Number of protein chains: 2
Amino acid sequence: MKSASRQSRYNHGMSHAPAVDFWFEFASTYSYPAAMRIAALAQGSGVAVRWRPFLLGPIFKAQGWDDSPFNIYPGKGRYMWRDLERICTPLDLPFRQPRPFPQNTLLAARVALVALAQDWGEDYCRAVYRAEFGEGRNVGEPSAIADILIALGQSAGAVIEQAQADTAKAALRAQTEQAQRLGIFGAPSFVTADGELFWGNDRLEAALAWAKR
Amino acid sequence: MKSASRQSRYNHGMSHAPAVDFWFEFASTYSYPAAMRIAALAQGSGVAVRWRPFLLGPIFKAQGWDDSPFNIYPGKGRYMWRDLERICTPLDLPFRQPRPFPQNTLLAARVALVALAQDWGEDYCRAVYRAEFGEGRNVGEPSAIADILIALGQSAGAVIEQAQADTAKAALRAQTEQAQRLGIFGAPSFVTADGELFWGNDRLEAALAWAKR
């Protein structure tokens, strides 16, 4: 499996370089600015980043939620949309509240695992976030994912077929289970090589600083 | 009522100066670093701060919670304690996890309303937070509040008697209802003169910057 071989290279070859695992879910609102910011910030501080897509659904379900907490608690939801807008503006990130919210990100995440085993994975992830939160597209629709793949010069049909194969499905399940074992309860989360957990776009800088200690 | 006359002075005399309302709850963990940081930061940026104690209990109850979300969701709770420790260390703020958690902050908040109508109110609030999260004391015990008042040179008996009078009780209820009307769902929260809401210790700087726009 490509993602496993990649993981193994990472663990063995870079174990002494500062590194952060970036755990993200495509439906997660605050993962959008984090995904758009992390590459430049990490490069600037000499920290390697491993992109780790996972699903929040099973983790929320274990907490008794069958929907986004931003829908379950409307006051928190209203605040979040406004807060996200305030965060995106100075970053020059386009922002549109996606409908529906949250979106079904199963296919998007499976494709991410395929993509991240190749050199266009991070571009793909950023393109998904831009489509969803910058353009308000529904990335739960396979056609939206296909459009993104085509724009990246990929063969959409072949990639989606690979993403729907049993190995990719199992890889995403395993990744989500690992997130749960790490104590991850929301996204984005950042985990340093020594196991320190940081939660939220607003903890990205702290996670990078910790990784460099 | 002292707090009302103070509020009226504030609204009429300073309506054009940058100002932020600092909404806090003594049981709120992230309100501790916010309370310790806000005076110097606000002074440095020329923003006036009005300290607004309130109770989260009724607001959490309206969301269906009868306990702190950090107890209801243990993973989130474990993370919060660690995160708070990481925040306090570089600020040189002593930190001890208080037991029990959360504490009963009804008396502490009523006394705060009395104190904030006088010139030692902010010192009192910081002393409560220091006792609770710096020394691990139970500020739900009237003796802890009395000790704090005595250390501030106040007549503990007289102040506590005033705080338990109907006017003080009604003032805290009104303040909590106002927080709810403002859309506040957690603490600390900051509200600017133009009604912009910021939630969390990590939004303090953003709130001050907004107030100065």
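Helix α6 (residues 106-116) of chain A packs against helix α9 (residues 156-163) of chain A at an angle of about 100°, and their axes lie 8 Å apart. Helices here are DSSP runs of H or I with at least four residues, strands are runs of E with at least two, and both are numbered from the N terminus; axes are lines fitted to C-alpha atoms, for helices over the stretch in contact, with angles running from 0 to 180 degrees between N-to-C directions. The angle makes α6(A) roughly perpendicular to α9(A), where angles under 35 degrees count as roughly parallel, over 145 as roughly antiparallel, 65 to 115 as roughly perpendicular and the rest as oblique. From α6(A), the residues L107(A), R110(A), V111(A) and V114(A) make the contact, and from α9(A) the partners are V159(A), I160(A), Q162(A) and A163(A), contact meaning heavy atoms within 4.5 Å. By class, this contact of α6(A) with α9(A) comprises six nonpolar, one polar and one charged residues (Ala, Val, Leu, Ile, Met, Phe, Trp, Tyr, Cys and Pro count as nonpolar, Asp, Glu, Lys and Arg as charged, and the others, Gly among them, as polar).

The model is predicted, so local features need pLDDT of at least 70 and side-chain atom pairs count only at pLDDT 80 or more, whereas totals for chains, interfaces and linings use all residues. Residues are numbered from 1 along each chain as its sequence is written, chains are lettered from A and ligands numbered from 1 in the order in which they are written, and side-chain values use heavy atoms, with hydrogens and water left out.

In chain B, α6(B) and helix α9 (residues 156-163) also pack at an angle of about 100° with their axes 8 Å apart, and are therefore roughly perpendicular to each other. Here L107(B), R110(B), V111(B) and V114(B) in α6(B) meet V159(B), I160(B), Q162(B) and A163(B) in α9(B), a contact that divides into six nonpolar, one polar and one charged residues.

In chain A, the peptide bond from R99(A) to P100(A) is cis, with omega near -5°, and P100(A) sits in the loop between α5 (74-88) and α6. D92(A), which has a positive phi of about 60° although it is not a glycine, is placed in the loop between α5 and α6 of chain A. In chain B, the bond from R99(B) to P100(B) is cis, with omega near -5°, and P100(B) lies in the loop between α5 (74-88) and α6 (106-116).

Turning to charged pairs, the count comes to 24 salt bridges over all chains, a salt bridge being a side-chain nitrogen of Lys or Arg within 4 Å of a carboxyl oxygen of Asp or Glu. In one of them, R50(A) pairs with D21(A), the closest N and O atoms being 2.8 Å apart. This pair links distant parts of the chain, since R50(A) is in strand β2 (residues 48-53) and D21(A) in strand β1 (residues 19-24), 29 residues apart.

Between the chains, 19 residues of chain B are in contact with 19 residues of chain A. The area buried between them is about 1,900 Å², of which carbon and sulfur atoms give 53%; buried area is the accessible area (1.4 Å probe) that two parts lose on being put together, summed over both. Eight salt bridges are counted between chain B and chain A, including that of E196(B) with R86(A) (2.9 Å, N to O).
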